[in-house]
Amino acid sequence: FLGVVIDSKLNWSAHMHYIRKKLRTMTGAICRIRHSIPAELYLKIYNALFESHLSYGISVWGVVLKERSNDSLFITQKHCVRILFGDLDSYLDKQSTCARTRPYGMQILGHKHFEKEHTKPIFNRLKILTAQNLYKYHCILEFS
């Protein structure tokens, strides 16, 4: 009903699958257009294309969001934030895995190569709410 998928068991798994697919689609679109727009518009693009889908009806279905860092929606959100606001040069350096393309002495890839960039500083710097905090925020707004 109006973008919120309700199944017969009312466990929200169908809606979570639907919203995760939609957010991944938006992340792909953002990834394709980010080079065509100025960097100062990235936050507006994030709010318009990603957070709007994430926050729609979140006060109803947000009870299934977990406080764990491995929640699938939170992982999708972190991926989108890394694409838009992360260190692009570091990301591209990690993608050149062929030893012949690396400078002499840098051919052996250590554990640092496979670590992802932390997103907590990016969330704090841009004042972006995580999926769990977005749910809490909308509940406080609606019930106060």
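Start with T119, which has a relative accessibility of 6% and therefore counts as buried, the cut-off being under 20%. Keep in mind throughout that this is a predicted model. T119 sits in the loop between α5, residues 88-95, and α6. What does T119 contact, if we leave aside its neighbours within four places in sequence? The answer is K78 and R82.

First, the overall layout. The protein chain has seven helices and zero strands, so in order from the N terminus the elements read α-α-α-α-α-α-α. The chain has 144 residues, and 32% of them are buried. Of the contacts with a separation of 6 or more, 67% are between residues 24 or more positions apart.

Now to α4. This helix covers residues 72-85, 14 residues in total, and at 1.5 Å a residue it should span 20 Å. The C-alpha atoms at its ends are 20 Å apart, which agrees with that figure.

Is α4 largely enclosed or largely open? Ten of its 14 residues are buried, so α4 is largely enclosed by the rest of the structure.

The partner α2 comes first. The angle between α2 and α4 is about 165°, and their axes are 11 Å apart. An angle over 145 degrees counts as roughly antiparallel, so that is the description for α2 and α4. Their crossing is right-handed. On the α2 side, the contact is made by Y42, L43, Y46, F50 and L54. On the α4 side, the residues are L73, T76, Q77, C80, V81, L84 and F85. By class, this contact of α2 with α4 has ten nonpolar residues, two polar and no charged.

Next is α1. Here the axes of α1 and α4 come within 10 Å and cross at roughly 5°. With the cut-off for roughly parallel at under 35 degrees, α1 and α4 are therefore roughly parallel to each other. From α1, the residues taking part are M16, I19, R20, L23, R24, T27, I30 and C31. They meet S72, L73, T76, H79, C80, I83 and L84 in α4. The contact of α1 with α4 divides into nine nonpolar, four polar and two charged residues.

T27 lies in helix α1 and is buried, with a relative accessible area of 4%. Which residues does T27 contact, again leaving aside neighbours within four places in sequence? They are F50, T76, H79, C80 and I83.

G28 is partly exposed, with a relative accessible area of 22%. In sequence, G28 and I83 are 55 residues apart, while in space their C-alpha atoms are 9.5 Å apart.

Last, the segment before α1. L10 is found there, and L10 has a positive phi of about 55° although it is not a glycine. W12 is in the segment before α1 too, and its phi is near 65°, again a positive value in a residue other than glycine.

To recap: α4 is largely enclosed, with α2 roughly antiparallel to it and α1 roughly parallel to it. T119, in the loop between α5 and α6, contacts K78 and R82. That is all I have.

Notes. Residues numbered from 1 in each chain as written. Predicted model: local features only at pLDDT ≥ 70, side-chain atom pairs only at ≥ 80, totals over all residues. Heavy atoms only, no water. Helix = DSSP H or I, 4+ residues; strand = E, 2+ residues; numbered from the N terminus. Expected span 1.5 Å × (residues − 1). Buried < 20%, exposed > 50% of the residue type's maximum accessible area, 1.4 Å probe, protein only. Axes fitted to C-alpha atoms, helices over the stretch in contact; angles between N-to-C directions. Parallel < 35°, antiparallel > 145°, perpendicular 65-115°, else oblique. Left-handed = near helix turned anticlockwise from the far one by under 90°. Contact = heavy atoms within 4.5 Å. Nonpolar A, V, L, I, M, F, W, Y, C, P; charged D, E, K, R; others polar.
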